[in-house]
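Hi everyone, thanks for coming.

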Amino acid sequence: MTETAHIESHLIPVLKTVSDPEIPVLSVLALGVIREAIEENGVVKIKLTPTYSGCPAMDVIADDLKKAFSEIGKKAEVELVLSPAWSTDWISEEGLQKMEEYGIARPLSESHDKDVLLGEKKMVKCPQCGSTQTHLVSQFGSTACKALFKCDDCLEPFDYFKCLK
Amino acid sequence: MKNQNLYKYILTIADNSLILAHRLGELCGHGPNLETDIALTNISLDLLGQTRSYYQYAAKLKGESNTEDDIAFLRIEREYKNCLLVEQPNTHFGYVIGRQFLFDVYHFMLMERLQNSPDETLAAIAKKGIKEVSYHKRFSSDWVKRLGDGTEESNKKMQEAIDDLWRFTDELFYMTDSEKAIAKEGIGIDVSTFKEKYYEEVAEILKEATLTVPENKYFTKGGKEGVHTEYMGFILAELQYMQRTYPNMTW
């Protein structure tokens, strides 16, 4: 399988209705976890990849996908695939924007990510007020994919989506 | 089963993750502060996720109607292949960090190599896992330095923890017959190849943390052959309780 997902266009409208339960504004498509979706002999076959190995959202997403397709009278089979490993690069630009509006700061590049998580540079933009005067509170946040930050200007705490490549 | 050695090899890696995940899970709601509590349980979750991938693979090899749950919950103590280090109790925060640190440095080096295994499934799990393990290692090394180079009290406790846990480090590099066979096939990793590198990196971080590298040459092992410390039975009692009491129950 290549890094580009193979998704049949007629399945997209249904896939768009399924979201990540932890980040409800992000559809599974925008998150980039659907690696393949094809219809064969009336059965929708989906390949799903986890963001993190232990991500508890995966079981929920798999169930939600089956449910969404059963509502239009289609049977769906979901297979979990690990390779190639998911990367934050697979989140669509639209997804990143929605995430920011929702209050989660978008992942920086790999090297900048290291700088901010080691507390060496202030670069993460506060999703509330836009200031980059922010600091790391904890490398681990409310879910496996996020770190906890606080804005020094508006004093709001917020989640930062860690860069994963 | 066709590939008994591969099955056992998967368990020697996966059981470490399961038991350490369980130990860290015990700390949920008991961390010294909110951030470390969340961090330790996040690490637990990553390890549990990795365990599931390994067990699913092992269950597939075993065939019949075996599932990941059977492997996790229905083995007897002697059948668990985890090293003694990961089953040591959560004595205090410095001890938890010491155990994590000594394991993470090893775990990272193992994943680094396993991701190039010709076995596609093992390579995929390792490629996914190494990204998570690098976070774990950063977290535990940072805390070793903070506690070691902290107050007199934190330094003392961190040093005591490292001194006490040191005797379990040699087992990380002990190889069972299955491990040797799988390494010979080129699928598994000969862990002895990075033993020296491991002790070098550990020493470097301990030095930075103003801690002393233990000189103790007395090592204890047995876990990888299924001979565990007294703690293992208690872990399994809790871990297996539901499946033993209500066989085949599901959520």
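**A walk through the two chains**

Let's start with Gln88(B), which sits in the loop between α4 (84-87) and α5 (93-114) of chain B. Before I go on, a word on what you're looking at: this is a predicted model, where local features need pLDDT of at least 70 and side-chain atom pairs count only at pLDDT 80 or more, while totals for chains, interfaces and linings use all residues. Residues are numbered from 1 along each chain as its sequence is written, with chains lettered from A and ligands numbered from 1 in the order in which they are written. When I say helix or strand, I mean DSSP runs (H or I, at least four residues, for helices; E, at least two, for strands), numbered from the N terminus.

So, is Gln88(B) buried or exposed? Gln88(B) is buried, because 22 other C-beta atoms lie within 10 Å. The cut-offs are 20 or more such atoms within 10 Å for buried, 12 or fewer for exposed, and partly exposed in between, with C-beta atoms placed from the backbone. Leaving out residues up to four places away in sequence, Gln88(B) touches Arg99(B), Leu165(B), Phe168(B) and Tyr231(B). Touching, or contact, means C-beta atoms, placed from the backbone, within 7 Å. Ile19(B) is 69 residues away along the chain, yet its C-alpha atom is 9.6 Å from that of Gln88(B).

Now for some helix packing in chain B. Helix α1 (residues 4-25) of chain B packs on helix α8 (residues 177-184) of chain B at about 110 degrees, with the axes 8 Å apart. That makes α1(B) roughly perpendicular to α8(B). Axes here are lines fitted to C-alpha atoms, for helices over the stretch in contact, and angles run from 0 to 180 degrees between N-to-C directions. Under 35 degrees counts as roughly parallel, over 145 as roughly antiparallel, 65 to 115 as roughly perpendicular, and the rest as oblique. From α1(B), Asn5(B), Leu6(B), Lys8(B), Tyr9(B) and Thr12(B) meet Ser178(B), Glu179(B), Ala181(B) and Ile182(B) of α8(B).

What about α2(B) and α6(B)? Their axes come within 10 Å and cross at roughly 165 degrees, and α2(B) and α6(B) are therefore roughly antiparallel to each other. The residues making this contact include Ala39(B), Ile43(B) and Tyr57(B) of α2(B), and Ile125(B), Gly129(B) and Phe139(B) of α6(B).

Over to chain A, which has 5 helices and 10 strands. Its C-alpha atoms fill a box of roughly 55 × 25 × 25 Å along the principal axes. Buried residues make up 41% of its 165 residues.

Last, some backbone details. The peptide bond from Ser83(A) to Pro84(A) is cis, with omega near -5 degrees, and Pro84(A) lies in the loop between β6 (75-80) and α4 (93-102) of chain A. Leu155(A) isn't a glycine, but its phi is positive, near 65 degrees. Leu155(A) is exposed, with 10 other C-beta atoms within 10 Å. Over in chain B, Glu64(B) also has a positive phi, about 50 degrees, without being a glycine. Glu64(B) is exposed, with 8 other C-beta atoms within 10 Å.

Note on methods
Two residues are in contact if their C-beta atoms, placed from the backbone, lie within 7 Å.
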